[in-house]
Every structure is written in C-alpha cells, then in structure tokens.
Amino acid sequence: QVQLVESGGGLVQAGGSLRLSCAASGNIFGTMGWYRQAPGKQRELVAVVSRGGITNYADSVKGRFTISRDNAKNTVYLQMNGLKPEDTAVYYCTARVLLSDKTWSDANWGQGTQVTVSS
C-alpha cells in the first residue's frame, strides 16, 4: 500500500516562498513529482524528478521552483520562490513505485495541499 503525505502548503503574499514536502511510504520509488489544480482548471504538471535526479519543469515555474528528492527518506520537495497569485492551486504529490515484476506502477497520488498566493 503506497501512501503519499504532503505538507507545507499555506497562504503567502506574492513574491513569497513556500516549501512543500511529500513523504512516501512503500517500496522503491521511481519518478516523483508535483502537479497542481486550480479551480475550474485541469490538473497540470509542475515538476518531476527521476530517481537519478533528472528534472522536468513546467515553463511557468522554471527559474522560480526547485524540485529535489531524498531517496533514503522516500521524500520529494518543492521549493517555491517568487510566488505569484496564478500559482494558487491544490498541489498534489505523485510517485511511481517498483512492482514485484520489476516494472514501474502507474502514478500514485497524495491528497493534496492548498497553496494560496495573495496579491
């Protein structure tokens, strides 16, 4: 049973910073990352990081957000600087786990953490 527990969301003024954390329980994790969903919009990629540290960011957050992970702790982080009101959304942690047949699972999802940026 895979569990992803997010923390670190909250309310911040524009230009401020927040750090999200996602602790995963379970087996070995492959790609981990963050998606977000704003009211009335589809869920979208924010950033992902492979087990080997290769990262991919949405263009809208490049240069402002940094994703990192600690494989020993099965934890992924998202440092968010220069926050803008348009970053307001529920942020979801996602991770793939190694299955018994040595393939990677479909994405598992956390319950989400609210990030609100005031102008």
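The side chains of Arg 36 and Tyr 91 make a polar contact at 2.9 Å, a polar contact being a pair of N or O atoms within 3.5 Å where, within protein, one must be able to donate a hydrogen and the other to accept it, and where residues adjacent in sequence count only if both atoms are side-chain atoms. This comes from a predicted model, in which local features need pLDDT of at least 70 and side-chain atom pairs count only at pLDDT 80 or more, while totals for chains, interfaces and linings use all residues. Residues are numbered from 1 along each chain as its sequence is written, and side-chain values use heavy atoms, with hydrogens and water left out.

Arg 36 sits in strand β4; strands (E, at least two residues) and helices (H or I, at least four) are DSSP runs, numbered from the N terminus. Its relative accessible area is 5%, so Arg 36 is buried (buried is under 20% relative accessible area, exposed is over 50%, and partly exposed is in between, with a 1.4 Å probe and protein chains only). A second polar contact, this one of 3.4 Å, ties the Arg 36 side chain to that of Ser 60. With neighbours within four places in sequence set aside, the residues in contact with Arg 36 include Gln 42, Val 46, Phe 65, Glu 86 and Ala 89, contact meaning heavy atoms within 4.5 Å.

Arg 36 also has a charged partner: its side chain meets that of Glu 44 in a salt bridge (2.8 Å, N to O). A salt bridge here is a side-chain nitrogen of Lys or Arg within 4 Å of a carboxyl oxygen of Asp or Glu, and by this rule the count comes to 4. Glu 44 is partly exposed, at 37% relative accessible area. Another of the salt bridges pairs Lys 62 with Asp 59 at 3.1 Å, N to O; Asp 59 counts as exposed, at 64% relative accessibility.

Asp 87 and Arg 64 form a salt bridge too, at 2.7 Å, N to O. This pair links distant parts of the chain, 23 residues apart: Asp 87 belongs to the loop between β8 and β9, and Arg 64 to the loop between β6 (55–57) and β7. Asp 87 counts as buried at 0% relative accessibility, and Arg 64 does as well, at 13%. Through shared partners, salt bridges join Arg 36, Glu 44, Arg 64 and Asp 87 into one network.

Now for the strands around β8. With 5 of its 6 residues buried, β8 (residues 75–80) is largely enclosed by the rest of the structure. Strand β3 (residues 18–25) runs antiparallel to β8 and is joined to it by 6 bridges, where two strands pair if DSSP finds at least two bridges between them. Leu 18 has Met 80 as its bridge partner in β8. Strand β7 (residues 65–70) also pairs with β8 in the antiparallel sense, over 6 bridges, and there Ile 67 stands opposite Leu 78. The β7–β8 hairpin has 4 residues between the strands, and Asn 74 takes a positive phi near 50 degrees.

The largest nonpolar core has 28 residues, and Trp 34, Leu 78, Met 80 and Tyr 91 touch the most other members; such a core is a set of buried Ala, Val, Leu, Ile, Met, Phe, Trp, Tyr and Cys residues joined through side-chain atoms within 4.5 Å. Elements giving two or more residues to this core include β3, β7, β8 and β11 (113–118), and β9 gives the most, with 5 residues. Beyond its neighbours within four places in sequence, Leu 78 has contacts with Leu 18, Trp 34, Val 46, Phe 65, Ile 67 and Tyr 91, among others.
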